[in-house]
2 protein chains.
Amino acid sequence: MKKSEFSFIGDIATLFGALPHHGFEPIGDDCTVVAMGDDSLVITTDMLVEDVHFLRAASTAEEVGMKSLHVNLSDVAAMGAKPVATLLSIALPEGAQGEWAEAFMRGYHAVSEREGVALVGGDTTASRDRITINVVAIGRAPQSNIKRRSAAHVGDIIAVTGKLGASSKGLVDIMFGDLNTLAAQHHRVAQARTAEGLWLGTQCEVHAMMDISDGIASDIKHIMNQSNVGAEIDTTLIPTDYDLRYAIGGGEDYELLVTVQEDSFDAIAEALYRATGTTLTAIGRITDGNELRWLDGGKPTEIDIEGFKHF
Amino acid sequence: MKKSEFSFIGDIATLFGALPHHGFEPIGDDCTVVAMGDDSLVITTDMLVEDVHFLRAASTAEEVGMKSLHVNLSDVAAMGAKPVATLLSIALPEGAQGEWAEAFMRGYHAVSEREGVALVGGDTTASRDRITINVVAIGRAPQSNIKRRSAAHVGDIIAVTGKLGASSKGLVDIMFGDLNTLAAQHHRVAQARTAEGLWLGTQCEVHAMMDISDGIASDIKHIMNQSNVGAEIDTTLIPTDYDLRYAIGGGEDYELLVTVQEDSFDAIAEALYRATGTTLTAIGRITDGNELRWLDGGKPTEIDIEGFKHF
């Protein structure tokens with residue numbers, strides 16, 4: 001649970017912070033973590049609501065099945081863990097209980113199979129008119145591999161996997177009726193960086209890690225808050241094929257945002273590329289203080305793009 | 001996930017059964033189980049949908065908060081485990097994002113505090129018009145305490161905690177506008193048998209255990225299927241304050257259904273009562289074969305009440 005998501009009812013994290021934790025890490029990261037022996041389990045959950053997160057007219061049921069799993073696997077990847085199991089709850093109105101549900105499960109199964117993840121529980125129920133999906137993903141890793149938002153150091157390179165902006169550009173394409181652009185396809189399915197997260201988890205020079213679900217302008221603040229540091233990001237360095245506002249403020253890219261010890265960055269980026277074929281691009285640096293500063297080719301600039309919000 | 005809940009899309013358990021399990025027990029019990037060292041974690045999830053599981057006009061937001069947690073804690077109790085943590089996802093339409101959400105969280109927090117359970121993650125999102133709630137509950141127990149539906153032996157006494165039928169009688173009261181009967185109150189809040197499940201988990205003479213969420217007529221069949229046994233139940237022995245059809249076919253009682261080694265039953269029932277103040281009543285016996293037989297004061301009778309179905 002990202003803490004900000006519960007701001008509508010005040011500080012839930014504080015309210016519940018007084019309760020016994022039984023070894024679970026409190027709210028504030030992509031997943032909660034519980035140590036069991038030498039390993040840790042990481043657990044995350046995400047809810048997808050029809051007409052908020054997807055449109056039945058714009059996404060096939062199979063795509064919704066794939067995406068609902070990927071967005072959760074992305075949170076597991078962001079911890080440096082290997083996804084092992086999921087639980088699926090789904091509320092279906094009458095019109096979606098036959099073919100739609102079967103196609104949804106085909107998509108969910110295809111991703112489960114590709115990622116080697118078990119389905120170990122869930123719930124199905126009726127709903128009056130709209131579909132709601134809730135997925136829980138569970139990952140496992142040696143305790144020492146777990147990456148947290150709170151581990152950024154001053155001087156770290158800020159970097160991202162792949163390219164940003166495709167998903168939100170795709171959402172705009174879909175809104176204008178272009179369902180089949182490359183960006184629209186990217187938006188409808190998403191793709192968790194499972195192999196990349198797992199590999200980055202094994203590198204001690206990778207300090208903080210999280211996935212980009214609301215856009216870097218919003219997500220970098222979680223690392224800043226949890227690590228008590230500042231950041232500067234150079235917009236000219238952000239890897240994107242689209243308009244910069246999609247890359248900075250657009251949601252649902254599900255790329256990984258990491259901070260890496262400066263003198264190790266080039267070696268890490270090269271080794272990640274060799275291991276997974278995925279680029280790691282430096283876009284800025286962790287700084288003293290608690291401000292987020294934007295640069296344009298090294299010169300200070302102002303950006304007023306906020307992160308993407310479903311709520 | 002109770003396997004039958006996914007029958008609308010064929011045999012999901014079989015489809016996913018071919019995937020690697022990573023140490024998680026497959027679908028078929030109240031919770032999935034994963035061993036970590038000497039302990040096991042048990043994990044369950046349940047979804048509550050407005051106008052299917054609750055009516056905003058008939059339940060207060062606090063009651064919905066309490067109930068959404070209790071129904072999940074009931075699944076943890078049914079495994080013989082201690083509940084330790086939960087994750088909460090909630091989709092809120094505009095009209096429920098203020099006071100309703102705050103009152104919901106007060107109810108959820110009150111039960112979390114009473115049961116000593118942490119809130120370790122979740123998700124909040126908007127929805128178009130109806131509220132959907134998904135709770136994940138996690139329990140922990142020594143591996144040897146975990147009780148499964150598959151552990152019933154021929155000759156075991158079938159027994160239930162407390163009394164049956166109040167919740168479904170309460171639902172009928174609510175449908176007729178009587179919101180404040182004792183039964184209606186029972187229906188609106190529910191109450192997990194946490195202490196009882198934990199205690200029964202420590203007793204090796206208690207073989208199979210599950211919670212009664214769909215009515216014993218339906219739920220006993222899960223134990224029969226998983227244990228490959230039959231059962232006979234004497235309707236005159238079923239503890240209830242209401243009409244027998246509520247007690248047999250009514251859902252949402254959240255009492256525990258156990259099978260106990262015959263020669264230990266009296267001692268177990270007495271000790272449970274001493275430990276928790278809750279009665280354990282023998283209502284029948286596990287038999288050879290795979291039939292469910294109903295008795296009326298020892299004489300065969302016919303019952304055609306099916307379990308309660310939300311779907």
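Helix 4 (residues 166–175) and helix 5 (residues 182–189) of chain A pack at an angle of about 105°, with their axes 7 Å apart. An axis here is a line fitted to C-alpha atoms, for helices over the stretch in contact, and angles run from 0 to 180 degrees between N-to-C directions. Helix 4 and helix 5 of chain A therefore count as roughly perpendicular to each other; the cut-offs are under 35 degrees for roughly parallel, over 145 for roughly antiparallel, 65 to 115 for roughly perpendicular, and oblique for the rest. Helices (H or I, at least four residues) and strands (E, at least two) are DSSP runs, numbered from the N terminus.

This is a predicted model, where local features need pLDDT of at least 70, side-chain atom pairs count only at pLDDT 80 or more, and totals for chains, interfaces and linings use all residues. Residues are numbered from 1 along each chain as its sequence is written, while chains are lettered from A and ligands numbered from 1 in the order in which they are written.

Back to the helix pair. On the helix 4 side of chain A, the contact is made by A:A166, A:S167, A:K169, A:G170, A:L171, A:D173 and A:I174, and these meet A:A183, A:A184, A:Q185, A:H186 and A:H187 of helix 5. "In contact" means that the C-beta atoms, placed from the backbone, lie within 7 Å. By class, this helix contact has five nonpolar, five polar and two charged residues. The classes go like this: Ala, Val, Leu, Ile, Met, Phe, Trp, Tyr, Cys and Pro are nonpolar, Asp, Glu, Lys and Arg are charged, and the others, Gly among them, are polar.

Now for the sheet. Five strands of chain A form an open sheet in the order 1-2-5-3-4, with mixed pairing; two strands pair if DSSP finds at least two bridges between them. Strand 1 and strand 4 of chain A sit at the edges with a single partner strand each, so one side of each has no neighbour in the sheet. On average, neighbouring strands are turned by 15° against each other, direction ignored.

Strand 2 of chain A runs antiparallel to strand 1, joined by five bridges, and antiparallel to strand 5, joined by 11 bridges. Strands 1 and 2 of chain A make a hairpin with two residues between them, and A:G37 in the turn has a positive phi of about 65°.

Strand 2 of chain A is mostly covered, with 10 of its 11 residues buried. Buried means 20 or more other C-beta atoms within 10 Å of the residue's own, exposed means 12 or fewer, and partly exposed is in between, with C-beta atoms placed from the backbone. Helix 6 (residues 194–201) of chain A is mostly covered too, with seven of its eight residues buried, among them A:W199 and A:E196.

| Residue | Loop | C-beta atoms within 10 Å |
|---|---|---|
| A:M79 | between helix 2 (61–77) and strand 3 of chain A | 30 other C-beta atoms |
| B:A190 | between helix 5 (182–189) and helix 6 (194–201) of chain B | 22 other C-beta atoms |

A:M79 is in contact with A:D30, A:C31, A:V42, A:G139, A:I146 and A:K147, leaving aside its neighbours within four places in sequence. The C-alpha atoms of A:M79 and A:K147 are separated by 4.8 Å, though the two are 68 residues apart along the chain. As for backbone angles, most residues other than glycine have a negative phi. B:A190, not a glycine, has a positive phi near 65°, and B:E252 has a positive phi of about 65°.

Finally, the two chains. 58 residues of chain A are in contact with 58 residues of chain B. Elements that each supply at least two residues of chain A's side include helix 1 (12–17), strand 3 (82–92) and helix 3 (99–115). Strand 4 of chain A gives the largest share, nine residues. By class, chain A's side has 31 nonpolar, 19 polar and eight charged residues.

A rotation of 180° with 0.0 Å of shift along its axis superposes chain A on chain B (RMSD 0.0 Å). The two copies are thus related as by a two-fold rotation axis. The superposition is by least squares on the C-alpha atoms of residues with pLDDT of at least 70 in both copies. 100% of the interface residues of chain A are also interface residues in chain B, so the copies meet through the same surface.

Definitions and conventions
Two residues are in contact if their C-beta atoms, placed from the backbone, lie within 7 Å.
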